[in-house]
Amino acid sequence: MNWYTEQWSKDCKFSIAYDKALYSEKSAFQQIDFYRGEEFGTFFTLDGLMMVNEKDEFIYHDMIVHPAFATNPSIKKVLIIGGGDGGTAREVLRYSTVAEVVMVEIDERVFRLCQEFLPITASGVEEDSRMNLRFEDGLAYVKNAPDAYFDLILVDSTDPISVGEGLFTTAFYQECYRVLNKDGILINQHESPYFAEYATNMRKARNKIKAIFPITNVYQYHIPTYPSGHWLFGFASKTFDPMKDLNAEAWKKFGLETKYYNTELHVGAFGLPNYVKKELEHG
Ligand code: AAT
């Protein structure tokens, strides 16, 4: 039996048995590894950290995309930063009302390898005529993007180490604010409250975003293969409040079948445990 093992904290490890190591490559940006096992199907890691697997990817991709559309059903122009596996783009493209999706992934190899090994997330994305796929640094892209252009930015990024670091900076969030229009919403991968290192990242992101956007919230989801299984997204916006402006009727009219997200869960996801609230408020 072969085991993929990830260090979740100094004193805690998580392992998945795999039948086959499918592919391994050191790209210009990071170490990329694909495996196949029975429990989670095909999965890939970047620099030894779990990114996507066939079994629980629906949880992450439902939760990064649908809450914003249920809050503002008129979203038309979407910017995805990162998200090289294609899962976030796949969910956004399900909305026929979306006119344009710019996806900026730093590492083309992640996308090409997912097309080969992980079609569940990557297939069909490049072929959609609404997609503008770019392979460059997300921070560099937003610096040069026009003012008030996008309705929604989805930051589907790795943790704030190595290439992902720039996507957790004040400079990046300021540029996001500038390129969003007056109804703009920013959703970002917000780390996890449980293990100390991830909680530190969570607090830092929170404080920076709160200093820039008038409306800021954090919501949670349960994903078995990320450290502790308890993960967060940030919801920051200029006018829309994800609770008060939730438009369940409009969202249901889209008629999308989802495996994780629904509009009752939307409300619950913003209700955070006390220890998390405390860490976010006093971080
Ligand atoms: N859909 C869930 C998968 C990911 S992968 C995140 C992607 O962000 C990777 O493909 C990585 O290459 C890309 N990325 C990292 N930094 C940048 C950058 N500066 N500009 C553009 N793209 C970038 C998210 C997994 C979350 C894991 C949480 N533990």
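## Gln30, a buried loop residue

With a relative accessibility of 4%, Gln30 counts as buried; here buried means under 20% relative accessible area, exposed means over 50%, and partly exposed lies in between (1.4 Å probe, protein chains only). Gln30 lies in the loop between S3 and S4. Helices (H or I, at least four residues) and strands (E, at least two) are DSSP runs, numbered from the N terminus. The side chains of Gln30 and Asp107 are joined by a polar contact of 3.0 Å. Such a contact is a pair of N or O atoms within 3.5 Å; within protein, one must be able to donate a hydrogen and the other to accept it, and residues adjacent in sequence count only if both atoms are side-chain atoms.

Setting aside residues up to four places away in sequence, Gln30 touches Glu25, Leu46, Asp47, Asp107, Val110 and Val163, where contact means heavy atoms within 4.5 Å.

## About the model

This is a predicted model, in which local features need pLDDT of at least 70 and side-chain atom pairs count only at pLDDT 80 or more, while totals for chains, interfaces and linings use all residues. Residues are numbered from 1 along each chain as its sequence is written, and side-chain values use heavy atoms, with hydrogens and water left out.

## The four-stranded sheet

Let's turn to the sheet. Four strands make up an open sheet in the order S3-S4-S5-S6, with antiparallel pairing. Its edge strands are S3 (20-26) and S6 (49-53), each of which pairs on one side only. From one strand to the next, the twist averages 20°; axes are lines fitted to C-alpha atoms, for helices over the stretch in contact, and angles run from 0 to 180 degrees between N-to-C directions. Strand S5 (residues 41-46) pairs with S6 in the antiparallel sense over four bridges, two strands being paired if DSSP finds at least two bridges between them. Phe43 stands opposite Asn53 in S6.

Lys20 and Arg36 are 16 residues apart along the chain, yet their C-alpha atoms are separated by 5.3 Å. Leaving aside neighbours within four places in sequence, Lys20 is in contact with Tyr35 and Arg36.

## Helix H3 and its partners

Helix H3 (residues 108-117) has Val110, Phe111, Leu113, Cys114 and Phe117 among its buried residues. The buried residues of H3 pack against S3, strand S4 (31-37), S5, strand S8 (100-105), H4 and S9.

Arg130 is found in the loop between helix H4 (119-122) and strand S9 (131-135). The side chain of Arg130 reaches the backbone oxygen of Tyr95 at 2.9 Å. Not counting residues up to four places away in sequence, Arg130 touches Leu93, Tyr95, Ser96, Val98, Ala99, Glu100 and Val101.

## Aromatic rings and charges

The structure holds 27 aromatic pairs. Rings of Phe, Tyr and Trp (its six-membered ring) pair if their centres lie within 6.5 Å; planes under 30 degrees apart count as stacked, over 60 as edge-to-face and the rest as tilted. Trp8 and Phe14 form a stacked pair, 4.4 Å centre to centre with 10° between the planes. Trp8 counts as buried at 10% relative accessibility, and Phe14 counts as buried at 17%. Tyr221 and Phe233 also form a stacked pair, at 4.6 Å centre to centre and 15° between the planes. That pair links distant parts of the chain: Tyr221 lies in strand S12 (residues 215-222) and Phe233 in strand S13 (residues 230-237), twelve residues apart. Tyr221 is buried at 3% relative accessibility, and Phe233 is buried at 0%. Both belong to one aromatic cluster, formed by Tyr60, Tyr198, Tyr219, Tyr221, Tyr226, Trp231, Phe233, Phe235 and Phe270.

Two lysines meet rings as well. The charged end of Lys238 sits over the ring of Tyr177, 4.0 Å from its centre, and Lys55 lies over the face of Phe40, at 5.9 Å from the ring centre. A charge sits over a ring if NZ of Lys or CZ of Arg is within 6 Å of the ring centre and within 35 degrees of the ring normal.

## Two positive phi angles

Most residues other than glycine have a negative phi. Ala148 has a positive phi of about 45° although it is not a glycine. Ala148 lies in the loop between helix H5 (138-144) and strand S10 (150-156), and is partly exposed, with a relative accessible area of 47%.

Glu191 has a phi near 65°, a positive value in a residue other than glycine. Glu191 is found in the loop between strand S11 (180-189) and helix H7 (196-210), and counts as buried at 0% relative accessibility.
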